[in-house]
Amino acid sequence: MDPLTHALASYTLKRAAFPRVPRAATVPMLIAGTIADIDLLSAHISPSAFLTFYRTYCHSFLAALLFSLLVTLPFLLRKRSADENPVPLLPAFLAALSAAVLHLLMDLCQSAGVELFWPFSPHRFALDWLPRLDLWILGILLAGILLPALSRLVTEEIGARSKGPRGKVGASLSLAAMILYIVLRFVLHGNAVAALEARTYRGESPRKVAAFAESGSPFRWHGIVETESALREVEIDVGPAASFDPDAAVTSYKPEPSPALDAARDTAVARRFLQVARFPKATVEKTPSGFHIILRAFPYSGDASSSLRVHALIDTDPSGKILSQELAWDPVSREFWWQ
């Protein structure tokens, strides 16, 4: 999820669940709710650093706990004047921890995956319910903040006084609406996956399928299907009368087995790449010195996992001996990112 959505979600959570926590704790709570995305800076270092850090260490429960402690620590060390009320440390810490965990749960609902239990497990969890930027969630959160502010202006104009913490009702309704929306996404995602699994694709049964969310509509999904000989991508609509044509899928055939391809898959960069790529696709090109193998994350376009794409490049001689190997940015996605 984008940093703006995380910040709005943290602020909404503060108003709904921690309205009595002093305003001084709001900024630390916003930091705790967004700081995990600092791992995106690894893209400025190298493709290898990006694969190592993005959605890994900082997106774990242990990191959420440490970040929450760090942002709460200044309240303990800060010197207060005699007439200044102290900020209650435990509620401030719990508020920060709640924002940090909310960040993880929202990213868990996407497709890039998060290593929730690092350092105990390197497994990435991804539910595929939400797109990288969800305009509906963004709108729900903004409405929960702006509409109560507008209502307060109206009531103050007519001389009425609101009871209770400011913005709590609107924030609570906003969080409830967001949860209901995610539940809807969960149901529709299950329908999309079931539809993909129930079809055959030019005579082949699916081995593995995934349905990735699209930002514009919760009823439209981007399907990926792996069969024995190919990888296929297809747009799928879900709903009461929706259907899709499996023959309309865009097909990318797998390369024939070869010693060069087997050797390439056994390299260090390929193993590192395959830990992250959910649908890896190999391309084998004949060169004067042997073979050039490219491992990419399928599909090559769209936003199925991340706008930043890394691929593995391996060169071998005719017998399959490794000549060179490296991780590199996909030229198209790198141009998109840096423009």
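**Figure 1. Strand 2 and strand 3 form a hairpin with 3 residues between them.** The model is predicted; local features need pLDDT of at least 70, side-chain atom pairs count only at pLDDT 80 or more, and totals for chains, interfaces and linings use all residues. Residues are numbered from 1 along each chain as its sequence is written, and side-chain values use heavy atoms, with hydrogens and water left out. Strand 2 covers residues 220-226 and pairs with strand 3 in the antiparallel sense over 7 bridges. Two strands pair if DSSP finds at least two bridges between them. Helices (H or I, at least four residues) and strands (E, at least two) are DSSP runs, numbered from the N terminus. Glu226 has Leu231 of strand 3 as its bridge partner. Buried means under 20% relative accessible area, exposed over 50%, and partly exposed in between (1.4 Å probe, protein chains only). In a regular strand the side chains alternate between the two faces of the sheet.

**Figure 2. Strand 3 also pairs with strand 4.** Strand 4 is made of residues 250-253. The pairing is antiparallel, over 4 bridges. Ala230 is bridged to Tyr253 of strand 4.

**Figure 3. Strand 5 and strand 6 form a hairpin with 2 residues between them.** Thr287 has Gly290 of strand 6 as its bridge partner.

**Figure 4. The largest nonpolar core has 27 residues.** A nonpolar core is a set of buried Ala, Val, Leu, Ile, Met, Phe, Trp, Tyr and Cys residues joined through side-chain atoms within 4.5 Å. Met29, Met106, Leu130, Ile137, Leu141, Met178 and Ile182 have the most contacts inside this core. Helix 1 (3-17), helix 5 (89-108), helix 6 (135-157) and helix 7 (168-197) are the elements that give two or more residues to the core. Contact means heavy atoms within 4.5 Å. Leaving aside neighbours within four places in sequence, Met106 touches Met1, Thr5, His6, Ala9, Leu130, Ile137 and Met178. A second, separate core holds 20 residues, including Ala264, Leu295, Ala312 and Ile314.

**Figure 5. Phe50, Tyr54 and Trp329 form one aromatic cluster.** The whole structure has 7 aromatic pairs. Rings of Phe, Tyr and Trp (its six-membered ring) pair if their centres lie within 6.5 Å; planes under 30 degrees apart count as stacked, over 60 as edge-to-face and the rest as tilted. Phe50 and Tyr54 are stacked, because their ring centres are 4.7 Å apart and their planes stand at 15°. Both Phe50 and Tyr54 are buried. Phe53 and Tyr57 make an edge-to-face pair, with ring centres 5.5 Å apart and planes at 85°. Phe53 is partly exposed at 39% relative accessibility. Tyr57 is also partly exposed, with a relative accessible area of 30%.

**Figure 6. Charged side chains sit over the rings of Trp221 and Phe279.** A charge sits over a ring if NZ of Lys or CZ of Arg is within 6 Å of the ring centre and within 35 degrees of the ring normal. The charged end of Arg185 is 5.4 Å from the ring centre of Trp221. Lys208 lies over the face of Phe279, 4.7 Å from the ring centre.

**Figure 7. Pro91 of helix 5 is in contact with Phe18 and Val21, leaving aside neighbours within four places in sequence.** Pro91 and Val21 are 70 residues apart along the chain, and their C-alpha atoms are separated by 6.7 Å. Pro91 is partly exposed, at 31% relative accessibility.

**Figure 8. The loop between helix 5 and helix 6 holds Pro119 and Asp128.** The peptide bond from Trp118 to Pro119 is cis, with omega near 5°. Asp128 has a positive phi, near 65°, and is not a glycine. Asp128 is buried at 5% relative accessibility.

**Figure 9. Arg55 lies in the loop between helix 3 (47-53) and helix 4 (61-77).** Its phi is positive, about 60°, although Arg55 is not a glycine. Arg55 counts as buried, with 3% relative accessibility.
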